[in-house]
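Here are my notes on the model, as numbered points. Please read them with the structure open.

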Amino acid sequence: MRALARRMLAGELSPREFTFRIHQHHGHELALTEQLAELDDEYDTLEYGDKTAAQIDAEVTAEARRLAAHPHVPAEPTDTPS
């Protein structure tokens, strides 16, 4: 997720492609990416919604920055010396 966020921020992915990939892989299951899944849904309903693509892009960019800056948590706890 963080790697995709960094790729989007570097211009390698469009905001739309970024949200699509996150939504496709994680759905609405993860709290960390829930906002991105919702924004992907908003792209799908642009013609019926009240936001422009540029407004959604700006929100996606803000979420990508938040996600890229989120501290990494190890998958398993590490032992600390006593």
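1. Start at Ala5. Leaving aside residues up to four places away in sequence, Ala5 touches Phe18, Ala64, Leu67 and Ala68. Contact here means heavy atoms within 4.5 Å. Ala5 sits in helix α1. Helices (H or I, at least four residues) and strands (E, at least two) are DSSP runs, numbered from the N terminus. Ala5 is buried, with a relative accessible area of 0%. Buried means under 20% relative accessible area, exposed over 50%, and partly exposed in between (1.4 Å probe, protein chains only). The C-alpha atoms of Ala5 and Thr61 are separated by 8.5 Å, although these residues lie 56 residues apart along the chain.

2. A word on provenance. This is a predicted model: local features need pLDDT of at least 70, side-chain atom pairs count only at pLDDT 80 or more, and totals for chains, interfaces and linings use all residues. Residues are numbered from 1 along each chain as its sequence is written, and side-chain values use heavy atoms, with hydrogens and water left out.

3. The overall layout. The chain has four helices and zero strands. From the N terminus on, the order is α-α-α-α. Of the 82 residues in the chain, 28% are buried. Take the contacts between residues at least 6 apart in sequence: 49% of them join residues at least 24 apart.

4. Helix α4. This helix covers residues 53–69, which is 17 residues. From first C-alpha to last, α4 reaches 24 Å, close to the 24 Å expected at 1.5 Å a residue. The expected span is 1.5 Å times one less than the number of residues. Which residues of α4 are buried? They are Ile56, Val60, Thr61, Glu63, Ala64 and Leu67. Their cover includes α1 (2–9), α2 (15–26) and α3 (34–44).

5. α1 against α4. These helices pack at an angle of about 130°, with their axes 8 Å apart. Axes are lines fitted to C-alpha atoms, for helices over the stretch in contact, and angles run from 0 to 180 degrees between N-to-C directions. That angle makes α1 oblique to α4. Angles under 35 degrees count as roughly parallel, over 145 as roughly antiparallel, 65 to 115 as roughly perpendicular and the rest as oblique. The α1 and α4 crossing is left-handed; that is, the near helix is turned anticlockwise from the far one by less than a right angle, with clockwise counting as right-handed. On the α1 side, the contact uses Arg2, Ala5, Arg6, Met8 and Leu9. On the α4 side are Val60, Thr61, Ala64, Arg65, Leu67 and Ala68. By class, this contact has seven nonpolar, one polar and three charged residues. Ala, Val, Leu, Ile, Met, Phe, Trp, Tyr, Cys and Pro count as nonpolar, Asp, Glu, Lys and Arg as charged, and the others, Gly among them, as polar.

6. α2 against α4. The packing angle is about 60°, with the axes 9 Å apart. That makes α2 oblique to α4. α2 passes α4 in a left-handed crossing. Pro15, Phe18 and Thr19 of α2 meet Asp57, Val60, Ala64 and Leu67 of α4. The residues divide into five nonpolar, one polar and one charged.

7. α1 against α2. How do these two run, roughly parallel or roughly antiparallel? They pack at about 170°, with axes 9 Å apart. That makes α1 roughly antiparallel to α2. Leu4, Ala5, Arg7 and Met8 of α1 meet Pro15, Phe18, Arg21 and Ile22 of α2. The classes are six nonpolar, no polar and two charged.
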